Amino acid sequence: MTVVVVESPAKAKTINRYLGPGYKVLASYGHVRDLVEKDGSVDPDNGFAMRWEVSPASQKHLRAIAEALAGDRELVLATDPDREGEAISWHLIEALRKRRALRKDTDIRRVVFNAITRSAVTEAMKKPRDVDMELVHAYLARRALDYLVGFTLSPVLWRKLPGARSAGRVQSVALRLIVEREMEIEAFRPREYWTVSAELETPRGELFTARLVTLDGRRLDRFDLADAAAAEAAAGAVRAAALRVGAVEAKPVQRSPAPPFMTSTLQQEASRKLGLGAQAAMRAAQNLYEAGFITYMRTDGIDMAPEAVAAARAAIAERFGADYVPDQPRQYRNRAKNAQEAHECIRPTDMALDAAGLPAGLGAAERALYDLIWKRTLASQMANARLERTTVEIAGGRVGLRATGQVLLFDGFLKVYEEGRDDSPEDEDAARLPAMAAGEALAQRAVLPQQHFTQPPPRYTEATLVKRMEELGIGRPSTYAAIVTTIQDRGYVEKDRGRLVPRDKGRLVTAFLESYFGRYVSYDFTAALEEELDDITAGKVDWQEVLARFWRDFRQAVDQTAGLRISEVLERIDEVLAPHLYPDRGDGSDPRRCPGCGSGRLSLRTSRAGGAFIGCSNYPECRYTRPLGSGEPEEAPADRLLGHDPEGRPVWLKSGRFGPYVQLGEADEGAKPPRASLPKGLAPEAVDLDRALALLSLPRVIGPHPEDGAPVEAGIGRFGPFVRHGKTYANLADYEEVFTVGMNRAVELLAQKAARGPRRGAAAEPLRALGEHPEGGPVTVMPGRYGPYVKWQDINATIPRDRDPAALTLEEALALIEERRARAPAGTRRRAGGKAGAKPAAGRGGKAARAGSGKGAGQGGDPLIEGK
């Protein structure tokens with residue numbers, strides 16, 4: 001019988017069904033070995049030799065594989081088709097050789113498949129190969145680099161910067177991106193500008209809107225109408241003009257579909273359309289892949305196999321008709337920097353299977369993500385959308401106006417899918433214009449000057465951060481999700497309504513690294529190093545030479561910080577951050593002068609808890625403090641006129657006792673005018689007329705509920721944004737959703753809220769269902785008094801504090817369960833369905849647990865790699 005090894009039990013179960021008798025498929029449960037978790041596990045002075053150890057949780061799985069090989073001489077390694085999968089196969093061979101589980105005549109074969117389907121698996125079994133050592137060396141180089149940077153740089157941070165936790169080769173660069181964006185936002189000063197629009201009427205009584213584009217023969221630039229006076233003068237010129245249609249131009253336009261998904265674009269769209277973080281999206285994709293529904297999900301490739309293209313075109317023709325199938329199949333070219341990452345795109349394995357045809361037991365995230373992948377894949381092979389874009393030039397007196405609009409003539413791929421956007425600019429062309437002819441007179445119905453302010457760059461979301469990292473060449477498909485998760489787990493970054501905000505700790509770490517290790521957090525250096533690592537994969541350079549060059553310079557940079565005192569470090573960081581910590585007040589006074597006592601000077605200080613703040617030099621006499629990133633308290637801003645509503649009533653931005661708010665009309669003695677508070681996260685500078693009118697229009701009726709016809713509303717209340725149906729309220733993640741949430745999403749949120757029911761006295765509900773244990777029974781994440789934990793039958797396993805319960809995979813949970821079971825005393829160690837027994841014995845194991853764990857060179861493997 002041939003022994004086949006894959007990473008996960010779910011994958012093993014599926015493949016075992018395809019291969020049938022004559023094969024025994026076992027799971028390694030991910031990596032079976034890792035570097036020993038202490039300094040010295042990578043030895044730069046000995047050719048970067050590495051010391052590996054088999055984790056306690058992996059011993060059982062490795063033993064099962066070894067026992068299966070006792071009577072068989074064929075081993076097939078079918079781990080994932082990427083660098084990590086190749087490394088797992090290599091580790092398995094090395095670990096099994098140390099156990100003497102592999103004989104000289106054992107036939108070891110490596111097979112790879114891009115999809116877990118019967119045809120893909122059986123075809124791969126016909127094309128075995130050896131383990132690709134170039135991929136393995138690329139893995140070793142990355143693992144050694146990450147280890148050396150982490151174990152060398154992190155202690156420097158601990159000693160020199162109280163409260164800092166760790167630094168990483170790529171995570172620190174990603175953190176720098178977030179910190180720099182926040183500093184851009186803080187340094188941003190909004191600039192006022194105005195526009196003038198007119199509501200006009202054709203001779204046939206049809207209304208449309210045009211905007212002022214020229215005044216006195218000169219084209220208006222964005223800031224030409226700089227204040228209300230200039231805008232009102234321009235509006236007066238429009239009102240005084242007899243307007244006529246000057247020219248009408250209509251031209252055809254085509255829109256092409258986006259290419260199919262690769263890893264980064266899948267993460268971005270899952271964030272935009274489904275609200276899934278990078279880690280959650282990859283976890284759902286992993287489950288879909290292992291169940292055989294999609295192709296491999298870690299890829300830089302956007303090309304599609306010819307047979308898949310043919311299947312997609314056939315599915316399009318059957319569902320939507322021949323008009324939606326282009327004459328020629330679409331070809332997409334890979335942009336991959338690394339051929340190892342450039343597998344086929346992420347696509348369904350069966351183009352005819354839509355989300356409605358998926359099995360009932362599949363999770364909601366998996367179902368939604370599959371629907372996204374299926375639609376994007378089909379759309380990528382559909383015909384272009386055809387539109388007619390119309391531009392109408394209007395003239396009269398001193399002014400020229402323009403109206404634009406478009407008509408969708410043929411929806412094409414838009415029938416299935418449209419790519420999301422990270423921002424939501426107003427699309428002036430979206431409106432449909434009435435028919436007009438040159439020379440026609442136009443009547444004026446309203447002329448409205450509107451105030452606007454320039455907006456700061458938006459904070460990164462997980463999706464836009466991944467996109468920016470991809471643009472800079474930082475990280476790879478297999479690392480994006482882990483990087484984004486790590487900087488949050490370390491406490492350097494937190495999420496605020498889906499946006500990544502640096503915490504004080506993250507700002508300090510970035511300032512420290514830029515001051516003393518600037519080269520190693522530079523974007524160009526990190527991208528260049530990634531390219532060198534890709535060259536190792538391609539066999540162009542030697543992995544040890546790349547490590548030696550890096551280590552020589554990096555070691556010198558670390559040594560130069562040895563004599564630094566904490567006070568020196570704080571002074572340097574204080575100096576680096578000074579323009580943002582102490583902005584110019586504009587009156588010539590010292591921006592560091594303490595506003596509390598008037599005589600002390602402000603400087604950067606750290607707290608015992610590891611945070612940072614601005615404090616006064618006269619402490620303890622003066623106890624003035626303020627957090628990082630906040631300037632001096634300002635006087636309440638004056639009331640600001642935003643413009644007028646369609647009825648001509650003024651719309652104001654005001655500041656009251658409970659914060660800023662918008663107001664429609666004036667306050668009369670008899671009636672209080674409509675008002676709306678600004679929601680959390682919306683800065684007063686960002687409020688323009690359109691946003692104010694939108695806030696004043698709340699609550700928004702989404703429509704009748706499909707079950708009882710009662711209205712479903714979206715609004716902003718005391719506890720934030722919500723959707724409501726009757727007496728049931730469900731929270732929304734962001735106030736922006738109040739204006740965009742549709743009926744399907746609202747009904748889903750309300751149903752989830754109703755399903756949770758009253759909390760008081762109810763039994764604890766699982767936070768997450770991770771899947772089935774190989775021995776039977778569900779594995780779940782449960783809420784506990786001391787934090788979330790993993791539960792399987794009678795075993796409760798604590799989730800370590802450095803692990804995110806929301807990102808925990810089934811494989812990681814199984815490893816925690818095995819560790820917990822292994823700590824039970826030998827006589828009471830539980831079996832599936834049994835009881836937990838007595839208290840676990842002290843320590844992690846005795847002599848028996850440590851038997852055979854001595855050091856020594858890996859037998860039959862790379863002599864530079866030591867085993868444990």
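# Close-up views of the predicted model

View 1. Lys495 has Leu500 of β16 as its bridge partner. This is a predicted model: local features need pLDDT of at least 70, side-chain atom pairs count only at pLDDT 80 or more, and totals for chains, interfaces and linings use all residues. Residues are numbered from 1 along each chain as its sequence is written, and side-chain values use heavy atoms, with hydrogens and water left out. Four bridges hold β15 (residues 493-496) and β16 (residues 499-502) in an antiparallel pair. Two strands pair if DSSP finds at least two bridges between them. Helices (H or I, at least four residues) and strands (E, at least two) are DSSP runs, numbered from the N terminus.

View 2. The protein holds 22 helices and 33 strands. Of its 868 residues, 47% are buried. Buried means under 20% relative accessible area, exposed over 50%, partly exposed in between (1.4 Å probe, protein chains only). Consider the contacts between residues at least 6 apart in sequence: 66% of them join residues at least 24 apart. Contact means heavy atoms within 4.5 Å.

**View 3. A parallel sheet carries β2, β1, β6 and β7.** This open sheet has four strands in the order β2-β1-β6-β7, with parallel pairing. Strands β2 (23-27) and β7 (107-110) are the edges; each has a single partner strand, so one side of each lacks a neighbour in the sheet. On average, neighbouring strands are turned by 20° against each other, direction ignored. Five bridges join β1 (residues 2-6) to β2 in the parallel sense. Val5 stands opposite Leu26 in β2. Helix α1 (residues 9-19) packs on the sheet, touching β1 and β2, and its direction makes about 170° with that of β2. Helix α3 (residues 83-98) lies across β1, β6 (74-77) and β7, at about 165° to β7. Axes are lines fitted to C-alpha atoms, for helices over the stretch in contact, and angles run from 0 to 180 degrees between N-to-C directions.

**View 4. Helices α5 and α16 run alongside each other.** The axes of α5 (residues 133-160) and α16 (residues 543-559) come within 10 Å and cross at roughly 10°. That makes α5 roughly parallel to α16. Angles under 35 degrees count as roughly parallel, over 145 as roughly antiparallel, 65 to 115 as roughly perpendicular and the rest as oblique. From α5, the residues in the contact include His137, Leu140, Leu148 and Val156. From α16, they include Trp543, Phe550, Trp551 and Arg555. The residues of this contact divide into 14 nonpolar, two polar and one charged. Ala, Val, Leu, Ile, Met, Phe, Trp, Tyr, Cys and Pro count as nonpolar, Asp, Glu, Lys and Arg as charged, and the others, Gly among them, as polar.

**View 5. An antiparallel sheet runs from β24 to β27.** Four strands form this open sheet in the order β24-β25-β26-β27, with antiparallel pairing. The edges are β24 (700-704) and β27 (728-731), each pairing on one side only. Neighbouring strands are turned by 25° against each other on average, direction ignored. Strand β26 (residues 720-725) pairs with β27 over four bridges. Arg724 stands opposite Tyr729 in β27. The peptide bond from Leu698 to Pro699 is cis, with omega near 0°. Pro699 sits in the loop between α18 (689-696) and β24.

**View 6. Strands β28 and β29 form a hairpin.** Four bridges join β28 (residues 768-772) to β29 (residues 778-782), and the strands run antiparallel. Ala769 stands opposite Thr780 in β29. Five residues lie between the strands, and Gly776 in this hairpin takes a positive phi near 100°.

**View 7. Some loops hold backbone exceptions.** Most residues other than glycine have a negative phi, and most peptide bonds are trans. Phe48 has a positive phi near 60°. Phe48 lies in the loop between β4 (42-43) and β5 (49-54). With a relative accessible area of 4%, Phe48 is buried. Arg100 also has a positive phi, about 60°. Arg100 lies in the loop between α3 and β7. At 65% relative accessibility, Arg100 is exposed. A cis peptide bond joins Tyr619 and Pro620, with omega about 10°. Pro620 is in the loop between β18 (612-616) and β19 (625-627).
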